[in-house]
Amino acid sequence: MSGFRHGAGRLGDAQLNFTFDGKPMLARTGDTVASALLANGVEIVGRSFKYHRPRGVTSSGPEETGALVTIGAGGKADPNARATMEPITAGLEVFSQNCFPSPKFDLMSINGLAGAVLPGSLFSAGFYYKTFMWPAALWYKFYEPAIRSAAGMGVPPKVADPDIYDRIQMFCEVAVVGGGSAGLSAALSASQSGLRVVLFDEHNDLGGQLLNEANSEANADLEQWRADTVAALHAASNVRVLTRAVCWGRFDGNMLAAHQSVDGKVRQNYIKVQAKKIIIAAGAIERPLVFGNNDKPNVMLASGARRMLNHYGTATGKMIAVFTNNDSAYQTAFDYSDAGIKVSAVVDSRQYPGQALVDGCKSRGIPLHTQSVVTEAKGWQAVRSIEIADLAANGQSVSNRRRVACDVLAHSGGWTPQVQMASHGGKPPVYDKKIAAFVVGDQAPDTYSVGAAEGENGLLAGVSQAIEAAKAACAELGGTAGSVTAPPQDRDGATNVVPLWSVPAKGKQLVDIQHDVTAADVIQSHREGFVSVEHLKRYTTLGMANDQGRTSNVNALAIMAQCRGISIAEAGTTRFRAPIAPVSMGGFAGREIGKHFKPVRRTPMQEWHEKAGAVFVQAGMYMRPQYYPQAGETIDDAYERETAHVRQKVGICDVTSLGKIEIVGPDAAEFLDRVYINMFSTLKVGKARYGVMLREDGIVYDDGTTSRFAEDRFFMTTTTAKAGPVMAYLERCLEIDWPELKVRVSSVSERWGAMAVAGPDSRATLTAAFPSVDFSNEAFPFMGVVHAEHNGAKMVLLRISFSGEMAYEVYAESEHATDMWQTIIDAGQAYDIVPYGLETLGALRIEKGHVTGAELDGRVTLGDVHMDGMASKKKWFVGKNLKDREGLVHPDRPQLVGLRSVDPRTPISTGSILVTDANASAGADKQGWVSSMTYSPELGSFIALGFLRGGKDRIGERIYAAYPVKGRTVEVEVVSNHFVDPTNERVKG
Amino acid sequence: MANALNGHFEMPQTFAAVSIDVTATNMWQLEGCENVDAKVATMTGMAIPAQGQVTVQGDERLVWAGRDRYLLTTNRSDLADNDGVYATDQTYGKTQLLITGEDARALLSRGLPLDIDEGQFAIGEVQHSHINHIGVSVIRNNDVSGQPQFEVWVMRGFAKSLTDFLVHSAHTLR
């Protein structure tokens with residue numbers, strides 16, 4: 001128990017209930033989880049990543065390294081939330097993490113001792129790499145379980161997140177990242193140009209470091225300035241103020257990405273902002289000092305302790321000590337003292353902090369220890385005292401160790417500008433000796449980095465920088481930014497920091513508190529040769545926790561620079577990557593979950609299929625009927641029935657998913673002659689022809705039929721799978737390869753609903769359905785094309801066949817396609833017409849030996865599928881130059897064959913390997929594979945298509961289809977791929 | 001059988017001030033290879049819209065759809081290839097969603113990566129883009145009762161997916 005309520009800060013009066021590990025607690029509106037926990041006297045909030053050391057609140061902002069909690073329960077649980085960034089809401093459930101059985105008593109904390117006793121053991125630098133080196137047998141048995149159970153933070157929810165996340169696209173001329181005094185001023189100034197402005201801030205309250213200031217009489221005018229500026233921004237119709245919105249990445253084209261938490265029906269918005277100019281006013285983060293047990297609960301950043309008191313009305317302790325190497329932390333001591341809280345010491349590693357600060361301590365009766373350091377925070381679990389000592393002038397040793405009582409140690413190692421957004425823009429940050437940290441330096445295009453983010457900590461100076469940036473940005477866009485009333489008080493930003501990268505001391509000295517990386521780990525990394533900052537980061541995992549190195553980066557590379565005997569500027573810094581803060585996956589998913597996971601493409605007859613009880617299967621973006629089961633039927637029963645029925649009577653199938661492309665222009669026929677292997681310029685108007693396309697490398701690309709509607713107008717169909725790619729390919733040919741051809745292509749896929757009507761009774765059925773059309777062989781022969789109308793709706797009828805039976809394809813205007821389908825079904829009742837699905841479509845074409853995507857898999861040549869005779873010798877076409885390469889015409893290539901089970905009731909698995917030995921082992925000679933299989937009702941046997949080495953000449957041979965995954969081997973006979981009606985009599989009818 | 005895609009979707013005011021009207025379209029694609037603008041103007045009797053623009057004349061609109069290509073929304077069904085202008089009937093190929101109301105922009109911002117803020121996308125302009133992975137064309141229509149209206153064309157097969165997505169998104173705008 002150290003923290004307690006002290007004054008109102010800027011919070012509301014209303015009381016809210018919340019729970020921490022089930023224990024009921026009270027908070028005020030405006031509290032964060034961190035301020036509420038401190039106000040309730042909670043010191044230990046959780047345990048650390050590797051060593052399970054007790055941890056408490058260390059800050060008041062996004063740099064929080066200690067208080068990581070799980071917010072909410074069940075599907076709403078959000079693990080590893082920073083308690084400093086989560087507002088308390090009524091009834092909020094908060095849980096500690098990494099604790100067993102409780103935060104105060106944790107069994108895994110032995111890990112920390114092991115590390116201390118055996119330096120370089122289980123969890124020290126590089127432990128990932130070392131532990132996984134030998135012997136392999138121990139990986140799964142020991143290392144992985146040991147590391148998994150010991151390391152890691154929080155537990156992801158096991159059930160789906162019930163909340164809604166939105167993705168929002170915004171556009172603006174000026175985006176301002178950060179809502180402190182500089183950001184507010186920049187946004188207000190820019191807004192007066194009339195250009196659109198978006199302002200992001202990750203906190204609930206705008207004001208940045210102004211919120212650290214006491215909400216007192218003396219600061220009333222400053223507080224009023226903040227309130228007025230915020231109100232003016234809210235009032236401006238061209239400004240969008242996004243609070244609780246963490247801007248986590250900057251991408252090409254000046255795109256900023258942010259996750260915004262909102263109260264309401266939506267939990268978070270993932271916002272993408274396309275900006276023309278970006279003003280980065282992201283502020284600076286206070287650095288911790290590196291001394292013994294600097295991660296102990298109640299060791300806090302000085303600015304964090306100050307904001308807890310002044311903004312949240314929460315004193316962090318009853319007796320506070322301050323440890324600093326710069327001026328800024330003195331204000332924390334003074335504010336606590338002025339609030340009536342005892343300050344037991346200010347420990348300053350510098351020789352002389354200046355008369356004003358010396359006097360400030362003296363007048364308040366605060367003991368000041370200059371040229372001194374804190375060597376170690378003491379206390380069983382949380383801080384109860386500190387050991388301080390005199391620092392030798394060379395900084396290498398200490399003397400005169402002594403104890404000072406306190407229950408909070410507020411420390412400050414200087415300020416680190418938040419340069420991540422600028423770094424994403426491509427510019428490496430540069431080291432600024434004055435503030436002992438990296439700044440943006442050379443600005444990325446369209447970027448202005450201002451205020452503390454650029455190393456300017458002064459209030460008035462930062463504001464004036466921001467307004468200058470706003471004016472410059474607006475001027476480049478042709479606008480005029482306005483002036484903004486300056487803050488009525490100044491805060492001198494000079495911190496007069498004298499670097500103190502680490503203290504010669506005992507105990508664990510944490511550099512990356514979140515990832516339990518110590519100063520010793522950095523030194524060990526150097527010793528083992530991982531000396532570049534990028535290697536250091538990966539070897540030690542430093543900066544990889546969810547604060548992304550905000551607090552640890554500068555300290556770590558300074559220690560490395562010391563080890564290497566080079567300057568920090570020479571050591572350099574790692575580049576920052578997005579996201580710079582933890583962001584929820586929910587935001588990225590947005591609404592693309594459940595039925596919105598992927599758009600579904602629907603054919604016009606979709607509802608009819610649903611009502612008919614079809615079972616659907618995904619085919620590209622479509623859901624297509626797989627089969628239409630009757631009562632009690634299995635999938636096999638259904639497709640065998642449908643297949644037999646089409647061969648004996650008539651069936652109808654939805655083939656809307658075929659690609660449909662109209663090709664027009666005076667050179668349309670020439671164009672088709674180039675993309676197809678066979679001739680289309682000779683095709684007569686009113687006729688259709690089957691065509692095959694090759695890729696430039698001579699491999700088969702796609703097939704389909706193309707009809708000639710007029711001399712200069714063709715209608716192409718493609719396979720379902722290649723509908724989009726073929727369209728894009730044709731456009732590319734016309735735009736790039738042959739711009740001289742006068743041809744236009746356009747997709748008409750969605751204009752037409754398509755249905756195949758197949759079977760011996762197909763002609764009778766269609767004659768009954770559409771009496772105005774003459775379906776006689778003379779008027780409408782095989783490969784004929786007829787345009788017709790029915791009930792005022794347009795149709796195109798093609799007499800083509802995929803099944804091998806007499807068949808037609810009916811293309812009906814999509815708005816009327818279901819009516820046409822129903823008309824055919826009604827007319828077909830006399831012939832027992834059945835709808836059939838993809839399974840039967842497949843069975844029919846396998847029986848006929850037609851190839852589809854399963855065969856045309858991007859490795860197959862014309863010869864492999866016995867189509868080499870189709871290739872025209874009279875003209876050039878795509879693929880002609882390369883199709884006859886030696887390897888592509890070799891007689892031993894796997895060639896398309898039919899396969900028939902020797903035992904007709906034994907299925908052949910698709911994907912089987914073709915071998916000649918029934919007991920073939922893994923090293924056997926693999927002679928081919930099975931690409932498609934079905935049961936053929938016509939033959940009363942399982943049959944398959946496959947590719948067999950030299951297969952053309954092996955008809956009649958008996959071989960084996962082996963499927964080692966399932967331990968299945970089937971004896972098959974090699975046959976022609978034309979199982980049914982090999983002479984094509986039926987289609988001619 | 002009625003087209004199950006079509007309909008009027010009005011959100012309760014507590015959810016959003018926006019309505020979505022879904023209907024089939026009557027549309028021809030006019031294109032060619034030479035002197036297309038002059039020939040299309042002759043064929044339609046309409047002024048040729050500049051890039052990103054729409055020409056309105058009576059019940060008909062001529063919409064820019066890429067180089068030497070226009071879409072004519074019309075009730076005519078008798079257009080034919082003529083003098084190097086190729087008239088391809090695209091009727092019913094696209095479905096039209098009229099998105100109207102105070103929250104129309106907010107709704108579209110949930111998926112459309114286009115700048116349609118006031119002053120950025122004028123009445124009579126068209127852009128071709130996508131919403132939630134679905135290709136669309138968007139036209140800014142005349143305001144209706146003082147509120148903006150956007151006309152979205154989508155391939156018919158995706159109309160239901162897109163409508164579902166927009167209706168779902170509209171439920172949480174307020």
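Before counting anything, I note the cut-off: a residue goes down as buried if 20 or more other C-beta atoms lie within 10 Å of its own. Also for the record, this is a predicted model.

**Entry 1: chain B overall.** With that cut-off, I get 47% of the 174 residues in chain B as buried. I looked up the secondary structure next and found three helices and eleven strands in chain B. Read from the N terminus, the order is β-β-β-α-β-β-β-β-β-α-β-β-β-α. The radius of gyration of chain B comes out at 17 Å, close to the 16 Å that the globule rule gives for 174 residues, so I put the chain down as compact as a globular protein of that length. Along the principal axes, the C-alpha atoms of chain B fill a box of roughly 55 × 40 × 30 Å. I also checked contacts in chain B between residues at least 6 apart in sequence, and 61% of them join residues at least 24 apart.

**Entry 2: nonpolar cores.** Which residues touch the most other members of the largest nonpolar core? I find A:Ala186 and A:Ile279, in a core of 159 residues. Helix α11 (residues 459-476) of chain A gives this core its largest share, eight residues. Leaving out residues up to four places away in sequence, I list the contacts of A:Ala186 as A:Val176, A:Ile279, A:Ala281, A:Val450, A:Ala466, A:Ile467, A:Ala469 and A:Ala470. There is a second, separate core of 151 residues, and among its members I noted A:Val810, A:Leu844, A:Leu945 and B:Met11.

**Entry 3: strand β33 of chain A.** I looked at which way the residues of β33 (residues 651-654) point: A:Gly651 and A:Cys653 go one way, A:Ile652 and A:Asp654 the other, and all are buried. Strand β39 (residues 752-758) of chain A runs antiparallel to β33(A), joined by four bridges. Strand β43 (residues 834-835) of chain A runs parallel to β33(A), with two bridges. I traced A:Ile652 both ways: its bridge partner in β39(A) is A:Val757, and in β43(A) it is A:Pro835.

**Entry 4: a five-strand sheet in chain A.** I wrote down an open sheet with the order β3-β2-β8-β6-β7 and mixed pairing. In β8(A), A:Val94 is the bridge partner of A:Ile71.

Terms used. Residues numbered from 1 in each chain as written. Chains lettered and ligands numbered in written order. Predicted model: local features only at pLDDT ≥ 70, side-chain atom pairs only at ≥ 80, totals over all residues. Rg over C-alpha atoms; globule rule 2.2 N^0.38 Å. Buried ≥ 20, exposed ≤ 12 C-beta atoms within 10 Å, placed from the backbone. Contact = placed C-beta atoms within 7 Å. Core = buried A, V, L, I, M, F, W, Y, C linked by C-beta atoms within 7 Å. Pairing = 2+ DSSP bridges.
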